[in-house]
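Welcome, and thanks for taking a look at this one with me. Please have the sequence and the 3D view open side by side as you read.

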Amino acid sequence: MESMSVESMSVESMSVESMSMELEQSGILQETDEFAIETIHLSKFFGKEKQIRAVDNLNLQVKKGEVFGFVGPNGAGKTTTMKMLIGLLEPSEGSGKVAGFDIVREVINIRETTGVLPEPAGFYDNLTARQNLRFYAKLYNIEPGVREKRIVNLLETVGLTRAIDQKTGGFSTGMRKRFGLAQALVNEPSVLFLDEPTSGIDPLGAQMMRDLIKELNRSKGVTVFLSSHSMEEVEEICDHIAIIAKGKLLAAGSVEDLRDMIREKEGVHYLLEVQDIPLSEAAEAVKNVEGVTAFDIRDRTLHVSAKMKLRTEIAKAVKKAGGTVSMFEEEEMNLQKLFLKIIEGA
Amino acid sequence: MKNNNVFVITQKEAADHLHNTGFLVLLATYTAIIFASTYMYGSLVHQNNSVLLSSINVKMISLFTPLVSIVLGFDAVVREQKSGSLNVLLTHPLFRDNVLAGKFLGSMLMVAAIIVFSVFVSVGTLLIFYGVEVGYIELIRIAAFTILTFFYAVTFLEIAVLISTMVKNATDSLTYNIVIWIFICVLFGAILKTVVAILTGQTATESVLITQLLNISPLHHYGEAVIGRADLSFMGVNVESTIGGIFDTEYTLTQCLVEFWMNIVVLIMTPIILFIIDFIIFLRKDITL
């Protein structure tokens, strides 16, 4: 890969300020300092002729204090984006800010105010948990007294108090993930980057990790930027989500926003159970409702597709035909389905 | 704060070496070799007017010191990359050059400590078992010898770290380092003699080409500067300078330094150039997050 650390290269990227102004004028961005992370036309190309577009024109805004899920298939550009945000890679084009600092010019400031749990995350396995955290804490010039207390507190937070003097080489995958979270919190960051924080750990450990992330966000107001493959996880803990594929941002918003987006594109799907009249009669009645695009009878259920929300209209039509609606549900689209729909659409 | 971080890494690197059983075993073996070779060497009759200086077994030191450097540096970068700890480390507030500089400083500190220790072992052995006299002249020469040995050892340390930056795993790094060590410290002179004899038909003493090619070996510069011998490798080129290096007390130290300044400059510059190359490679390296 043709990569080079940010610190070693010249700064050619356009300034965030000038780009922000341009985007504000175009209505893409809002002028505000409420964002913990924002990127403007952020791009990263690899290859001699920049033919590999790992991240392509990414515009993201992550509000302070929210848990932001960054999802996408393998090779979508999630890790490359994260690398750029924490200053491990210089953008080819565009710019960004994390915690108010420029991702090219103020890398050290970013690292001082953020915590990162990368994937894979390795530690010094010849050292104990305490020694490892002490080493990381020294990199922030934390006073020895404060440092030692913080180490104990952090390990307590992640449930590793008993393992404080155990070598990390002997830790299980779950313990390593939790320890990784502790190392990311050693500087009390305002923004936390988590790359696949629950990958490879059992369901109980994963739930514990999610609870930890939620608690950190709730009690300390830490902004969390979470990259994950687990839609269940993202749906459970994230306030907002961005879906990326082939380097491009496909959708962003809350789960409900994404549902609306899909509804707009693909319509709404209802499931009905009807009494007093045969389903075929109910179907005939529903067919005439304006906006209904398709219907189907399966498993004693009437499946109705509509361009928009037509719940009341459909219920009225069935009632008018003499039927009683005993069950009326909108086909719930969980994040996994939404994700697949969005990816397929791309 | 950023410079502080270099020292945090230096401290950790040095502490890691000191707690590494493999390294401690090697250090003990190295010390035993230095002690035994000095003890044996001290019992011989020496031509040089300083019994102390001529009793230090430079050939043995030149052969085994690089091994210590290799053990200190062969997995410096690749180990951290492979384990993922470099991934984590670089998310904290420090630059890549801080990491490399810290690692070098930590290992260089260990090299310096080991060389000083081995010099103490050598001199101590001669003082205790043979009661040799130690004067001002000897002390100055020993200090110069210690410094030259340090740069010689650091050259191998830089090679080891450079290879560790370039390869994918520690085993490959160790293999390449050992091959380079064998080539430079054991076989170089013999190979050179053979190749030149086949190509030109000249013997080692006649060939200017051999003398020129010897310049690529750090062992040549070390051997020449310390004891005035052009080649310390096995069955190598047997050419000696008029002045027997900085150990030749018939000449003043200034005269020796003037005579061997080129060797000394090469010994000092080689690790610096290697460090710069390593620095560039490390900066360009993709570190998977």
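The points below go through the domains, the sheets, the helix packing and the contact between the chains.

1. A word on the source before anything else: this is a predicted model. Please keep that in mind as you read each point.

2. Let us begin with the layout of chain A. It is divided into domain 1, made of residues 65-90 together with 103-253, and domain 2, which covers 265-345. Taken over C-alpha atoms, the centres of domain 1 and domain 2 of chain A are 43 Å apart.

3. Where do domain 1 and domain 2 of chain A touch? The contact involves 9 residues of domain 1 and 6 residues of domain 2. On the domain 1 side, helix 8 (231-237), strand 9 (240-245) and strand 10 (248-253) of chain A each give two or more residues. Helix 8 of chain A makes the largest contribution to that side, with 3 residues.

4. Next, look at the open sheet of 6 strands in chain A. Its order is 6-7-8-3-9-10, and the pairing is mixed. Strand 6 (114-117) and strand 10 of chain A are the edge strands; each has a single partner, so one side of each has no neighbour in the sheet. From one strand to the next, the twist averages 15 degrees.

5. Strand 3 (residues 67-71) of chain A runs parallel to strand 9 of chain A, and 4 bridges link the pair. To find the spot, look for A:Phe68, which stands opposite A:His240 in strand 9 of chain A. Strand 9 and strand 10 of chain A, on the other hand, run antiparallel and are joined by 5 bridges. Here A:Ala245 faces A:Lys248 in strand 10 of chain A.

6. The turn between strand 9 and strand 10 of chain A deserves a close look. These strands form a hairpin with 2 residues between them, and A:Lys246 in the turn has a positive phi of about 50 degrees. Recall that both strands also give residues to the side of domain 1 that touches domain 2 of chain A.

7. Helix 6 (residues 173-184) of chain A lies across strand 6 and strand 7 (191-195) of chain A, and runs at about 160 degrees to strand 6 of chain A.

8. Chain A has another open sheet, with 4 strands in the order 2-1-4-5 and antiparallel pairing. Its edges are strand 2 (52-63) and strand 5 (101-102) of chain A, each with a single partner strand, so one side of each is without a neighbour in the sheet. Within it, strand 1 (residues 35-46) and strand 4 (residues 93-98) of chain A pair over 5 bridges in the antiparallel sense. A:Ile37 has A:Val98 in strand 4 of chain A as its bridge partner.

9. How do helix 4 and helix 5 of chain A pack? Their axes are 10 Å apart and meet at an angle of about 125 degrees. That makes helix 4 of chain A oblique to helix 5 of chain A, and the crossing is right-handed. Among the residues that meet are A:Leu133 and A:Arg134 from helix 4 of chain A, and A:Arg150 and A:Ile151 from helix 5 of chain A. The contact has 6 nonpolar and 4 charged residues, with no polar ones.

10. Helix 8 (residues 136-166) and helix 13 (residues 261-284) of chain B pack at about 20 degrees, with 9 Å between their axes. That makes these two helices of chain B roughly parallel. They pass each other in a left-handed crossing. The residues that meet include B:Phe151 and B:Leu162 in helix 8 of chain B, and B:Leu267 and B:Phe275 in helix 13 of chain B. By class, this contact has 17 nonpolar, 3 polar and 2 charged residues.

11. Finally, turn to the place where the chains meet. The contact takes in 31 residues of chain A and 24 residues of chain B. Helix 2 (78-85), helix 3 (107-113) and helix 4 (129-138) of chain A each supply at least two residues to the chain A side. That side is made up of 16 nonpolar, 8 polar and 7 charged residues.

Conventions: Residues numbered from 1 in each chain as written. Chains lettered and ligands numbered in written order. Predicted model: local features only at pLDDT ≥ 70, side-chain atom pairs only at ≥ 80, totals over all residues. Domains from an automatic or database assignment. Contact = placed C-beta atoms within 7 Å. Nonpolar A, V, L, I, M, F, W, Y, C, P; charged D, E, K, R; others polar. Axes fitted to C-alpha atoms, helices over the stretch in contact; angles between N-to-C directions. Parallel < 35°, antiparallel > 145°, perpendicular 65-115°, else oblique. Left-handed = near helix turned anticlockwise from the far one by under 90°. Pairing = 2+ DSSP bridges.
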